[in-house]
Structures are given as structure tokens and as C-alpha cells.
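Hi,

Here is the structure you were waiting for. My notes follow below it.

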Amino acid sequence: MSTDAPFPIRTGGCLCGAVRYEVRGRLRHVINCHCGQCRRTHGAFGPYSNVAKSHLALVEEKGLAWYRSSPRAKRGFCNTCGSSLFWSAGDTDTISISAGTLDQPTGLRTIGNIFVDDKGDFYNLHDDLPGFPAGSKGALDGDTS
Ligand SMILES: [Zn+2]
């Protein structure tokens, strides 16, 4: 979705409002991650957009807590209502944002599925989007897995 047009400010937050954020840059379209970590933290897959870390501003962060989910990455969640909001790796300059926490309309669409080999056995994929057994290794825009 590359464009030279100015990006509208997008807003989002958790269920209770103890975490609110603004995005001031290009939001990537959504990639559904089916890995075992997303399965547990989201209850199924994790639908993630992402944005440059420098373009994410926390407007309210009193509820924000971080869980170190792997040596590479941590997950941001609200310690009041439990919403899963962010996935952030130490070795990239982008941060993934749970698309469901964006205020609607998001203007986004889903572009693919990753870590399909780890998906929950209780649902099937019925879309025609590109799918990858693990990370797409850059085949999907902005996917660093
Ligand atoms: Zn909350």
C-alpha cells in the first residue's frame, strides 16, 4: 500500500481505555499469525498490522504492561482488561499492532497468513490469501518473521 499521500492519524486502544494510542505513519495491511504464542494470547490467530516504532504514540499507558514472550520479542497488553495490543521485537524498527484494537474504520485489509502449520486444529482457513507454514521471510509486506 505504498503511497506518497499524507497518512491520516489513526487511533486505537484496549477494551477498558487504560491503553490508548495514535499512529501517525503508514499502517501495514493485516497479516494473520497462527503461531502457538498468538493462539494462546489471542485465543486463535493474531491479526496484526504494523507501523514504524517512531510513528506510534501512546496517549494513555497506565494499563500497559509487557510480557517477554520469547528471547526476541515482547507482547504489550493491558493489565486492567487483558487486551493484547502489541508485539515488539528488539531487532526491528517496527511494532506490530493487534488490528482489532484499532478504532474503526481501519482502512485495512488482510493480505496473508503466517505460521499456518501451528494454527489451531479447531478452525479451517477458507480464504484465498497467500499462506506460509512459518514466517513469510519478507514475502508478505513488512513481515520480519
Ligand atoms: Zn484495558
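Which residues are the protein donors of the zinc ion? They are Cys14, Cys16, Cys78 and Cys81, each through SG, at 2.3 to 2.4 Å from the ion. (Donors are N, O and S atoms within 2.8 Å of the metal, or 3.2 Å for Na, K and Ca; water is not among the atoms, so sites may look incomplete.)

Before you go on: this is a predicted model, where local features need pLDDT of at least 70, side-chain atom pairs count only at pLDDT 80 or more, and totals for chains, interfaces and linings use all residues. Residues are numbered from 1 along each chain as its sequence is written, and side-chain values use heavy atoms, with hydrogens and water left out.

**Zinc site**
The site is tetrahedral, with angles of 105 to 114 degrees among its four donor atoms (for four donors, all angles must lie between 85 and 135 degrees). The donor spacing in sequence is C-x1-C-x61-C-x2-C. Cysteine 14 is buried, at 10% relative accessible area. Cysteine 81 is partly exposed, at 26%. (Buried is under 20%, exposed over 50%, partly exposed in between, with a 1.4 Å probe and protein chains only.)

**Second largest pocket**
Its lining includes Gln37, Tyr48, Arg75 and Phe86. (A pocket is an open set of points on a 1 Å grid over the protein atoms alone, where a 1.4 Å probe fits, with protein on both sides within 12 Å along at least five of seven lines; lining residues have an atom within 4 Å of a point.)

Best wishes

Key
Tetrahedral: all angles 85-135°; square planar, octahedral: opposite > 155°, others 65-115°.
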